[in-house]
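Open the model in your viewer and keep the whole chain in view. The tour goes from the overall picture to a single side chain.

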Amino acid sequence: MRVVQRLHAKLYAADDSRAILGSSNLSEGGFDHNIELVIELSGDTARDAVSALHAECARHSRDVSLEQLGKWIARSHDTVRAARAAAAEEPEALAEVQADLDQMLGFGTASSALSTLAVPDVALFISWLETTPGLPGAQVILDRYRNTNRQNLSGHVKQCFFGAVRFLWEHPEFVPATSDALDQLRAQDVYEMADPALRQAWTAHLDAHALDRGESFSYPTLRGILPPSLGGTRQGGGGGISTFKRLVPLVARRISEGHLRVS
């Protein structure tokens with residue numbers, strides 16, 4: 001089996017002459033009552049589509065045997081069941097399962113000199129936001145950190161903050177433009193990270209350091225709350241995507257001012 005964590009489309013190929021390509025999961029909902037978009041391909045069109053998909057995915061895929069997958073499922077089953085049954089989502093609940101999966105797939109192999117954060121305690125960053133609530137995204141981050149709306153997202157803020165700090169210190173070339181982007185946003189706008197180079201560098205960073213953990217951060221946790229479009233593994237709604245996107249330019253602004261340091 002080959003795993004492509006950022007492939008969201010589904011392809012069902014009966015042979016090399018007929019295929020169904022679209023959004024439907026291989027489930028009752030996907031082929032019964034959900035609203036999905038699929039196309040049926042045949043002949044040369046099907047063969048071309050399957051070949052193109054294989055060629056594109058080969059660059060991003062990881063091998064895993066059925067035996068490896070079965071052992072991982074056995075190890076993870078009880079933890080996943082317990083997490084699903086919990087009344088509230090806890091980002092840390094599946095961190096060990098995520099780390100186990102990433103290790104099996106060969107992610108997180110890079111060593112990092114940025115093992116800890118020194119001065120930039122998240123509380124100091126929050127104190128700065130309190131003095132600049134008019135910055136785009138600042139008030140949303142403050143509300144989530146304080147749990148003002150009872151969304152239990154303070155853990156998301158912490159993990160996304162540390163990830164953004166470590167990434168931007170590893171890639172200072174993105175700091176000026178990302179910081180300047182704040183001046184183009186309105187208060188409630190979300191920074192979309194539209195620069196392909198920025199997104200590619202971030203997802204590569206998250207893949208390379210997938211197993212990194214420190215006293216205040218856990219990349220397995222961060223990976224589990226971000227969707228595949230940002231290098232994570234979360235499927236469906238929710239998660240930390242809007243929190244992360246809002247934090248990136250705010251962290252860049254703080255770094256550009258010389259107030260965040262990583263050791």
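Start with everything selected. Of the contacts in the protein with a separation of 6 or more, 66% are between residues 24 or more positions apart; contact means heavy atoms within 4.5 Å. This is a predicted model, in which local features need pLDDT of at least 70, side-chain atom pairs count only at pLDDT 80 or more, and totals for chains, interfaces and linings use all residues. Residues are numbered from 1 along each chain as its sequence is written, and side-chain values use heavy atoms, with hydrogens and water left out.

Now switch to a cartoon view. The protein has 11 helices and five strands, which are DSSP runs numbered from the N terminus (helices: H or I, at least four residues; strands: E, at least two). Along the principal axes, the C-alpha atoms fill a box of roughly 60 × 40 × 40 Å.

Next, colour by accessibility. Of the 263 residues, 40% count as buried, meaning under 20% relative accessible area with a 1.4 Å probe, protein chains only.

Then select His 209. Where is His 209 in the chain? His 209 lies in the loop between α9 (196–208) and α10 (219–225). Is His 209 buried or exposed? His 209 counts as buried because its relative accessibility is 4%.

The side chains of His 209 and Glu 170 make a polar contact (3.0 Å). A polar contact is a pair of N or O atoms within 3.5 Å; within protein, one must be able to donate a hydrogen and the other to accept it, and residues adjacent in sequence count only if both atoms are side-chain atoms.

How values were computed:
Buried means under 20% relative accessible area, exposed over 50%, partly exposed in between (1.4 Å probe, protein chains only).
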